[in-house]
Amino acid sequence: MRLLLFLLAVAAAAGALLPTTARTALAQEADGGAASAREGPPIDPVTAPDASGGSAWTRACSFRHPLCVLAGAGTPDRLSLATLSAADRAWDVLTGALGLPPPDGGAGTAWRVFLVDGIDGGGTALLDARDPVAHFDRASSFALVDRRTPPGCLLDRALARAVARGSLWRAAPATDPGSARAETHMLARLATPTACAPDDDDVRVFQGEPERTLVDPASPRFDRGASLFFDWLDAKVASQPGALVAGLWALAPTRTPAAAWRWSGTPTGFDVMRVSLAGALWPESTLDDVFVRFAVARALLDPPVRLAWHVPWPGRARRFASPQPVSPTGASYVVVDHTGAAPGARLRVEAAWEDYGRMRWVILKLDAAGHVLADIPVTSLNLVPRASMTVEALDGVDRLMLVGVDVGSTEHRFDPDQGEWEPHGWLLTVEGE
């Protein structure tokens, strides 16, 4: 009960508390009911390295926080001390300034950070054990940090990511792996200097596969790049940095039966966003609009998003299909050059897509420098798999970008725990007039 009150206090401070009806709906999903039959990720505790006794491991513990660094044989003492200092700094920021719950070491013990080899991304935290008496799901954890990470910015980022993941194990352990990676990486960037450890490679992977679902546990690097979504949304709607993710964790408590082998799948962070972000961008806006506006923002980032097609001005009707189908929350991007069009020419755009998918299209007018001159949503009906528009006033436009966003199935809302999402193909016809 104390944990729940603490998490709700975090959400209140973040300005993320929902209306009473919304909180009731999410609570009903956590306590039972038809929706809570959805299954979450597997409950897969991991055995921590055996550091008991002997001289193979050294231990350095913090005087300020309940955490210890354990280093295997051959690890320089200076690296252990640098790791402990980085962990203290990450703990200060994440549990202090950002208001997240501290990681739980379990059974009243210190949270353990093991310096080992071969950890993707530099650092993470793994599930140790479920709390058998907590009212809502809660878990203890331990951290693994790659001891080949050099002290400085890279080590700071690795420890921030590990502490954030440990906090998530305590607050909302049923979070799907893709969202967990994206959210904790976003928080790790907030907890370290902006000049630290650029994420160019991760962002490049994310931008190179825009048709994929925003969070996809098949690729840790893609998920770290997907932290851009939570960065963008946090800047749009949160009252202070990091408050969006803190609110998601606070408002997604789950209850999993003791004998279950998978976490309860309800509510997810996307369930929270679906309810709490209603009207957040403008009156009557929905989570669908959030996906669409992020897809537009993503089109203007550097490195650039991969295009599905880049075509010259169509003097006559030209039709082309999606090279890859688009999964829910993903997007396709098509650029049509204006060079060669006659003065006063217009562009006719007709889009169609597969049944049982819902797509939204936006047309951007761009100048030669890539700045947006106009942002035009294409009107479409929710259950009709086609939309069309004639774009006028193109003089002074260098090119047009057509952004098609899959906002989910017509039959059920997006579930990040589903594992396999049905993608949908599209067919686009463009013609200069």
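**Cavity and pocket linings**

Analyst: Gladly! The lining of the largest cavity divides into eight nonpolar, eight polar and three charged residues (nonpolar: Ala, Val, Leu, Ile, Met, Phe, Trp, Tyr, Cys and Pro; charged: Asp, Glu, Lys and Arg; polar: the others, Gly among them). This is a predicted model, where local features need pLDDT of at least 70 and side-chain atom pairs pLDDT 80 or more, while totals for chains, interfaces and linings use all residues. Residues are numbered from 1 along each chain as its sequence is written, and side-chain values use heavy atoms, without hydrogens or water.

User: How many cavities are there, and which residues lie nearest the centre of the largest?

Analyst: Rolling a probe the size of a water molecule over the atoms shows where empty space is left. In a cavity a 1.4 Å probe fits but cannot get out, on a 1 Å grid over the protein atoms alone; a pocket is an open set with protein on both sides within 12 Å along at least five of seven lines, and lining residues have an atom within 4 Å of a point. Three cavities reach 30 Å³ or more, and the largest has a volume of about 140 Å³ (space filled by probe spheres on grid points joined across faces, edges and corners). Of its 19 lining residues, Ala-174, Thr-175, Pro-267, Thr-268 and Gly-269 lie nearest the centre.

User: What about the largest pocket?

Analyst: It holds about 540 Å³ of space. Closest to its centre, of 24 lining residues, are Thr-124, Leu-126, Arg-165, Pro-177 and Arg-181. The lining comprises 13 nonpolar, five polar and six charged residues.
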